[in-house]
Amino acid sequence: MPVIPETDSRFKELDEYIDSVKEKKGMLIGVLHRAQEIFGYLPKEVQSHVAKRLNVPESTVYGVVTFYSFFSMNPRGKYQIKVCMGTACYVKGGNKILERLREELNVEGSEPTEDGLFSIHEVRCLGACSMAPVVLVGERDFHGRVTPDKIPHILDSYRQKEVKGNEDQKS
Amino acid sequence: MAVENTILICAGGACISAGEESVKSVLEEELRKYAIDDVVKVVETGCMGSCNLGPIMVIYPEGVFYQKLKPQDAKEIVEEHLLKGRPVQRLLYKGPTGEIKPKAKEELPFFTRQVKVATRNLGVIDPINIEEYIANDGYFALEKVLQMTPEDLIEEIKTSGLRGRGGAGFPTGLKWEFTRKSKSDEKYVICNADEGDPGAFMDRSVLEGDPHTVLEGMEIAGYAIGAHHGYIYVRAEYPLAIERLEIAISQAHEYGFLGEHIFGTDFSFDVELRIGAGAFVCGEETALIQSVEGKRGQPVQKPPFPAQKGVWSKPTVINNVETLANIPVIINKGAEWFASMGTEKSKGTKVFALAGKINNAGLVEVPMGTTLRELIFDIGGGIPNGKKFKAVQTGGPSGGCIPAEYLDTPVDYDSLMKLGTIMGSGGMVVMDEDTCMVDVARFFLQFTTDESCGKCTPCREGTKKMLGILNKIVEGKGEMKDIDRLENLAKTIKDTALCGLGQTAPNPVLSTLRYFRDEYEAHIKEKRCPAKSCKSLIAYKVDPNKCVGCTACARACPVGAISGEIKKVHKVDQDACIKCGSCYEVCRFDAIEKIDAVDLVTSS
């Protein structure tokens, strides 16, 4: 994985945020949230930068990053597919949805697919139990009452979106 | 021009995921097209509760209830209902026997049997408009308490009998009193909005549908204990709740309900949001405090309790969202009114999230002491597809499963405890005959091993050992001694784990062993899964008498394990079959049978 150079302008964006919350106590988790929004993930160089700016040991930052499942040290897919593994979804076959997704995308963990488009994440209850089983793509795209058969269609809809986006860019 | 119709659209989590936003945008477009957008007011509300019917819209003054809407339905509603005064029949609620209930909210037991206190504003007001909250008595309670002494206020909450709605049920007034009595220059209020129990979504609904009530409750708690600063610790999984809380906080500042000299008094209070990062253990109060401080969310030994030494080592009150949502109503209507509802030791109402194998999945609030049968059958509408009720799971990973024979138990903190489970935050996941209880126990142990923070050995290692044994059993490799091993481990973990997560982690296993021991034994002795759910113990087979050779199963099979010519009986290659169940789901002739794998040899 290429290292993000210190001159990358995104560090400046992160610094602006850090400066805006400097007065508050205990902002490490908040800063890491922002950093992950900016970079998409939290590689070592981003963690070092945060440690330096907040004046805490790198080990503390690493400790927090690895403790919380929301933080990732590896890049993720453009469309993050979150499969709810809550009780209601499980009882209604959430694990079958997960299996089918893994099969369709040919990935085992949360690493991105070869085209970088998707990554699969098992998540805790999304609180949409009445729609179980639930799959959330990105932050807001909910797919409720999913069956394994619907998986290819759901994936295709994002692939098409991508193709369309690329065409729009060209034209 | 005067408003002639008000349309409430439910913008709760379930309705949004069912497509509420596009319904609303078509509706608004149509209203503009017919130039009636100035006489028809459209309001997005919080969760109305009947989540399985979404997207929902209610048109007033008549109160006509439309359900399961598609974007194009909005056009018909405008043209027929609003312009011609003819309600659109096909979009109205139809009962199980086909009878139409045009005003479902006033007619269905699901709505009429509820008593809404904490969720009073859900589905009624626009959560991002502070004036609608004020119009429904919002911030009246805060104004009232500022004229009381903190001691009288605490007494009032104690008299109400309110107990913490987050799980353990500790008396709220007492918690406030302890924190009030702790001497310190600074104190804090934390709202625990880290709703982590799978199957529970009441806090999310309150945060999204009525964020101001949480702020008002926190301020009242702050006044009671002598705090000027509060934190809301909310899960990162709830972006909409975060967004609406941010809006509410800034509106409250604008209106002078937050900040310095509230209502012209000496009382000042401010609220800050802290976003979690996906760790279930952070719902445990000492872990939550660590996380608020930006650290790894690992629990610490109690005592000292947060009331003595909480966030930044200062006395801290931690209350759950639903607890706080009750506070303003108790103040407005009086402690006696609140205490008149419920059972002897559990007063007031409780919000439950009904989910799983139940017809009316959604959010309901009922008086404490309502029986499980009333909740699941009268209000929840029973089990779908004519299946049989097997158990209801309460209390999430810390709770247990209650079998059919206890359906008439009145639900309160103590009665659930007696049944070997807990109230928890109020999630109820209903299970039918197709759910394997050993697998459910395994599911929860998987959950706790994943979420164990690793600090104490009993939880870190013990739950892993239990999971290993359960895995063995569901794979058909268990032995009878394993049941004793599970019980021994469970007892040790309960007695020795550091925090609530570990101490309650064995509950799902213990309660299923208590009520469904026969299922464990069937897995171990007969190598059969009675629910036909455990993959290693089942097989799929074609019934030659029913198969018409339509080839649907062969096409659905992802591994090509089904062969057969068109219009001829098909066959499953058992060695290739991965038991995904795709064939079972697509067959329209009931020709795919799920059988016990041990019966394969004899039946084929």
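Of the 21 residues of helix 7 of chain A, the number buried is 1, so this helix lies largely in the open; a residue counts as buried if 20 or more other C-beta atoms lie within 10 Å of its own, as exposed if 12 or fewer do, and as partly exposed in between, with C-beta atoms placed from the backbone. The model is a predicted one, in which local features need pLDDT of at least 70 and side-chain atom pairs count only at pLDDT 80 or more, while totals for chains, interfaces and linings use all residues. Residues are numbered from 1 along each chain as its sequence is written, and chains are lettered from A and ligands numbered from 1 in the order in which they are written. Helices (H or I, at least four residues) and strands (E, at least two) are DSSP runs, numbered from the N terminus.

**Chain A**

- Chain A holds 7 helices and 4 strands, and its elements follow one another from the N terminus as α-α-α-α-β-α-α-β-β-β-α.
- Helix 7 of chain A, residues 150-170, reaches 31 Å from its first C-alpha to its last, close to the 30 Å expected at 1.5 Å a residue, where the expected span is 1.5 Å times one less than the number of residues.
- Along the principal axes, the C-alpha atoms of chain A fill a box of roughly 50 × 45 × 25 Å, and buried residues make up 35% of the 171 residues in the chain.
- Two residues are in contact if their C-beta atoms, placed from the backbone, lie within 7 Å; among the contacts in chain A between residues at least 6 apart in sequence, 60% join residues at least 24 apart.

**Chain B as a whole**

- Chain B has 25 helices and 19 strands, and its radius of gyration is 26 Å, close to the 25 Å that the globule rule gives for 604 residues, so chain B is as compact as a globular protein of that length; the radius is taken over C-alpha atoms, and the rule is 2.2 Å times the number of residues to the power 0.38.
- The C-alpha atoms of chain B fill a box of roughly 85 × 70 × 40 Å along the principal axes, and buried residues make up 54% of the 604 residues.
- Among contacts in chain B between residues at least 6 apart in sequence, 72% join residues at least 24 apart.

**Where the chains meet**

- On the two sides, 46 residues of chain B are in contact with 37 residues of chain A.
- Several elements of chain B each supply at least two residues of the side that touches chain A, including helix 13 (285-292), strand 11 (349-356) and strand 15 (427-432), while the largest share, 4 residues, comes from helix 1 of chain B.
- By class, this side of chain B has 23 nonpolar, 15 polar and 8 charged residues, where Ala, Val, Leu, Ile, Met, Phe, Trp, Tyr, Cys and Pro count as nonpolar, Asp, Glu, Lys and Arg as charged, and the others, Gly among them, as polar.

**An open sheet in chain B**

- In chain B, 4 strands form an open sheet in the order 2-1-3-4 with mixed pairing, two strands being paired if DSSP finds at least two bridges between them.
- The edge strands are strand 2 (40-45) and strand 4 (64-66) of chain B, each of which pairs on one side only.
- Strand 1 (residues 5-10) of chain B runs parallel to strand 2 of chain B and is joined to it by 6 bridges, and B:Leu8 stands opposite B:Val43 in strand 2 of chain B.

**Strand 7 of chain B and its partners**

- Strand 7 (residues 188-193) of chain B is mostly covered, with 6 of its 6 residues buried; B:Tyr188, B:Ile190 and B:Asn192 point one way, and B:Val189, B:Cys191 and B:Ala193 the other way.
- Strand 7 of chain B pairs in the parallel sense with strand 8 (residues 229-234) of chain B over 6 bridges, and B:Cys191 stands opposite B:Ile232 in strand 8 of chain B.
- Strand 7 of chain B also pairs in the parallel sense with strand 10 of chain B, over 5 bridges, and there B:Asn192 stands opposite B:Asn320.
- B:Asn320, found in strand 10 (residues 316-320) of chain B, is buried, with 24 other C-beta atoms within 10 Å.
- The C-alpha atoms of B:Asn320 and B:Ile190 are separated by 8.4 Å, although these residues are 130 residues apart along the chain.
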